[in-house]
Structure formats: C-alpha cells, structure tokens
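These are my notebook entries on one structure.

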Amino acid sequence: MIELESPEAVLFDFDGTLAPNLDLADMRRQVVDLTIAAGVPEEIYTGLYIIEVIEAGAAWLDKNNTAQATHYQHSANQRILELELNAAAATQVFPGVKNMLSQLRQRGISIGIVTRNCRAAIEAVFPDREQFVDAVHARDDVVHLKPDPRHLLCNLQALNARPNRSIMVGDGALDMQAGKALNMHCIGVLTGSNDSAALRNAGANQILTDCISLHDALR
Ligand SMILES: [Mg+2]
C-alpha cells in the first residue's frame, strides 16, 4: 500500500480530469458515421473506444477492400483531430488546477499527464504546462494507449517513479483499469464522464469530487 502522504508521482488523465471534457460523444458518432459509410460491419467496432474503432475499421478494410483502408483511416483520424482542436481552442484547465499542481510539486511529487487526447490539444488547452508538469504522454507519444497499462508505464519511467508508490487520477473507467493493472493507488474524480459507482467498479480506491481537492486529500 502506498504512503499516500508522500507518493513518488501523481499521474493525471487530461480531459474530464484537469480540464473539461472535449466532446467525445459527438466525436465517436462522427467516426462511426464514417466507418458505416466505408462499409465496415457493425460487429467489427461495437463497444470499442474511438481510436480503436478506427484501428479495427482500417484493419477490416485492409483485408476486404484495401484501396479504401488508407483513405478511411486518414479521414477518420483527420476528423477527430479537427473536432479535438476545435473543442480545445475553447477550453482551459479547471480553475485551481495550476495551484494544486504547484503545491504537489513543492512537496517533491513528480507530475505526469497520460491522455488519449492528441498532443496539439493539450498544448492548446494547457499552453504553460511545462511550468507545472514533468512529463506528458499524449496519443501521439505512445504506441499502446490506456487502458493498456504500458501508456502509464512510459510516463512513470520518464518520472523515474515506481507504480506501486504512485497515484493515478482520472474520470474514466480506463484510467482506473490501467492504474489498477500496475497496482497504483487509483483516485476517481467526478468532473468527467463517470459517477462514483462506475469508477469504483473500474478499480478506484478512492473518489474525489474533483482533482483540486487532491492536495488536501494527501495531507
Ligand atoms: Mg478523461
């Protein structure tokens, strides 16, 4: 069990956790529309997260209609990038986030961000992140995205922190699943897409209303 007063690192999810959610539901709808239009059968992508919908769709097309696979993958990735950057342009980190991060750092805790958002979106929403965060691993920075724990491991390695001495904070079930797989202390926050029951079910050890209260919770 981690010494909660002095973790080596705290890893944060980005949208829904440090900043308001970018509109993922609409993004997924639009990608699904493109996937249907490309002729990919529904069972190929049902239940998958948005990036995995595109990967599964492109893999299926590659086997069945090679000519279309590249075009589909390119347009779908382009679409989510546009939607993400549009949403990011109108979004800022939650009030109090920068202060909370500074306080953690003053205690010698390393700070990471692990996100399925693209790097450009993080740069738009949190332009001065380098003053507050030690390592960012966005979608474009890793091969394996959470819930694959290797996404978090890349970040922990960059911070030189041990998983079982570190905390994962996020609003998503996949944040909790990835953290739990590494035996991290998982804190679910209610500022995004899940309620506390869903976060507990996904493996949260603790629930906070928002990440701003983290500094107090670690006292
Ligand atoms: Mg999130």
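I first listed the contact (heavy atoms within 4.5 Å) between helix 1 and helix 3: Met27, Gln30, Val31, Leu34, Thr35 and Ala37 of helix 1 meet Gln68, Tyr72, Ser75, Ala76, Arg79, Ile80, Leu83 and Glu84 of helix 3. By class, I count eight nonpolar, four polar and two charged residues there. In this scheme Ala, Val, Leu, Ile, Met, Phe, Trp, Tyr, Cys and Pro are nonpolar, Asp, Glu, Lys and Arg are charged, and the others, Gly among them, are polar. Helices (H or I, at least four residues) and strands (E, at least two) are DSSP runs numbered from the N terminus.

The model is predicted; local features need pLDDT of at least 70 and side-chain atom pairs pLDDT 80 or more, whereas totals for chains, interfaces and linings use all residues. Residues are numbered from 1 along each chain as its sequence is written, and side-chain values use heavy atoms, without hydrogens and water.

I then looked up the geometry of this pair. Helix 1 (residues 24-37) packs on helix 3 at about 165 degrees, with the axes 10 Å apart; axes are lines fitted to C-alpha atoms over the stretch in contact, and angles run from 0 to 180 degrees between N-to-C directions. Helix 1 is therefore roughly antiparallel to helix 3 (an angle over 145 degrees). The crossing is right-handed, that is, the near helix is turned clockwise from the far one by less than a right angle.

Next entry: helix 2 against helix 3. Helix 2 (residues 50-64) and helix 3 (residues 66-89) pack at an angle of about 165 degrees, with axes 7 Å apart, so helix 2 is roughly antiparallel to helix 3. I noted a right-handed crossing for helix 2 and helix 3. Residues in this contact include Ile50, Ile54, Ala58 and Leu61 of helix 2 and Ala69, Tyr72, Ala76 and Ile80 of helix 3. The contact has 10 nonpolar, six polar and one charged residues.

I turned to the domains, whose bounds come from an automatic or database assignment. Domain 1 covers 9-20 + 92-217 and domain 2 covers 24-89. Their centres, taken over C-alpha atoms, are separated by 26 Å. I found 13 residues of domain 1 in contact with 10 residues of domain 2.

Last entry: helix 7 (residues 173-181). Leu174, Asp175, Met176, Ala178 and Gly179 are buried (under 20% relative accessible area, 1.4 Å probe, protein chains only). These buried residues pack against helix 6 (150-159), strand 4 (166-170), strand 5 (185-189) and helix 8 (196-201). Just after helix 7, Asn183 has a positive phi of about 65 degrees.

Note on methods. Buried < 20%, exposed > 50% of the residue type's maximum accessible area, 1.4 Å probe, protein only. Parallel < 35°, antiparallel > 145°, perpendicular 65-115°, else oblique.
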